[in-house]
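Hello,

Here is the structure I promised to pass on. My notes follow below it.

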Amino acid sequence: GFLVLTAVGLVVTAVWYCTRIPAFTITTVEVEGGITIDATGVRSRVENELQGAYLRLVPKRFAYFYPYEKILAAVEQVDRIKDVGVVRVSGTTLKVTYGEYVPDTLWCRLDNHSECYFLDGTGYAFAVAPSLLGESVVRYYDSEKELVLKSRPFTEDDYKDTKVFTNQMADIGWYVSQVEINSARDVFYTLAGGGEIKATLTDDQEKPFENLQTIRNSEEFSHLEPGNFKYLDLRFGTRVFVNEEWEEVVATSTATGTDEAVVEAEETIVTVEAIDPLVE
């Protein structure tokens with residue numbers, strides 16, 4: 001028994017001294033990444049995880065047994081941070097790298113427009129947004145989902161398709177302020193100047209804008225601008241439904257040849273020929 005106790009004591013002593021050798025003790029934490037994220041705060045989180053010892057014997061700063069998983073989890077809790085990496089670059093230096101989520105749009109409650117999360121360029125909700133006024137940032141809505149942080153309200157492809165459409169609209173001076181998507185993948189774009197564009201994410205995503213341009217290039221509908229119509233419905237292929245303040249118009253657009261537009265105002269039906277196609 002004496003020999004066993006002596007052997008155990010020698011092992012414990014050896015472990016205690018060996019795990020405190022300066023060459024194997026992490027003394028430096030390097031932090032790299034992000035633009036607006038406070039590196040001091042990230043370093044502080046890492047330092048906190050390196051405090052103490054395992055079983056009061058092996059220090060957490062021992063280079064070969066540092067708490068990798070806990071450090072990773074602690075850094076990932078920082079708002080706007082992503083793609084965290086933790087690596088030991090020497091016996092005394094630990095390096096932490098990370099990226100930063102950049103706000104792209106807002107995901108808001110439909111019944112409370114001031115309660116929003118930031119979405120990044122892929123449509124991922126990464127942080128709570130402050131109360132923002134105005135229409136400088138596009139707001140996304142889903143009437144069938146609750147706001148959930150660190151989630152995706154829409155698929156990445158659907159989000160990117162809506163971004164392509166809003167950018168196309170901006171190119172012609174029609175600026176989108178709100179986007180609502182439902183479970184049927186119908187999407188409703190509210191224009192900053194007034195009016196709504198209805199589209200769908202189930203079809204070829206180039207067609208809605210092409211048909212809109214074809215209608216706008218026609219003599220009959222060249223007056224259309226945000227604010228002078230209630231909605232344009234682009235969900236039905238080449239048939240574009242235009243609802244103005246006192247009349248409802250049904251227009252037919254094709255990408256080739258001669259196009260027709262049928263105007264329905266009360267009981268009057270007028271046929272307009274030769275709407276120039278947008279593309280051959």
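Helix α4 supplies four residues to the lining of the largest pocket, the most of any element. Keep in mind that this is a predicted model. The pocket holds about 160 Å³ of space. Its lining includes Lys163, Thr166, Asn167 and Ala170. Also there are Asp104, Glu135, Ser136, Val137, Val138, Tyr175, Val176 and Ala192. By class, that lining has six nonpolar, three polar and three charged residues.

Next, the cores. The largest nonpolar core has 31 residues. Met169, Trp174 and Ile197 touch the most other members. Elements giving two or more residues to this core include α4 (156-171), α5 (207-216) and β7 (112-119). Another core, of 19 residues, lies apart from it; Leu72, Val78, Ile81 and Val84 are among its members.

What does Trp174 touch, leaving out residues up to four places away in sequence? Its contacts are Met169, Leu191, Ile197, Leu212, Arg216, Leu224, Glu225, Pro226, Phe229 and Leu232.

Last, a charged residue to look at: Glu100, in strand β5 (residues 93-100). Is Glu100 buried or exposed? Its relative accessible area is 14%, under the 20% cut-off, so Glu100 counts as buried. Beyond its neighbours within four places in sequence, Glu100 is in contact with Gly34, Ile35, Thr36, Ile37, Arg80 and Lys82. A polar atom of the Glu100 side chain lies 2.5 Å from the backbone nitrogen of Ile35. Asp83 is 17 residues from Glu100 along the chain, and their C-alpha atoms are separated by 8.0 Å.

Best regards

Note on methods: Residues are numbered from 1 along each chain as its sequence is written. This is a predicted model: local features need pLDDT of at least 70, side-chain atom pairs count only at pLDDT 80 or more; totals for chains, interfaces and linings use all residues. Side-chain values use heavy atoms; hydrogens and water are left out. A nonpolar core is a set of buried Ala, Val, Leu, Ile, Met, Phe, Trp, Tyr and Cys residues joined through side-chain atoms within 4.5 Å. Buried means under 20% relative accessible area, exposed over 50%, partly exposed in between (1.4 Å probe, protein chains only). Contact means heavy atoms within 4.5 Å. A polar contact is a pair of N or O atoms within 3.5 Å; within protein, one must be able to donate a hydrogen and the other to accept it, and residues adjacent in sequence count only if both atoms are side-chain atoms. On a 1 Å grid over the protein atoms alone, a cavity is a set of points where a 1.4 Å probe fits but cannot get out, and a pocket is an open set with protein on both sides within 12 Å along at least five of seven lines; lining residues have an atom within 4 Å of a point. Grid points are joined across faces, edges and corners, and a volume is the space filled by probe spheres set on the points.
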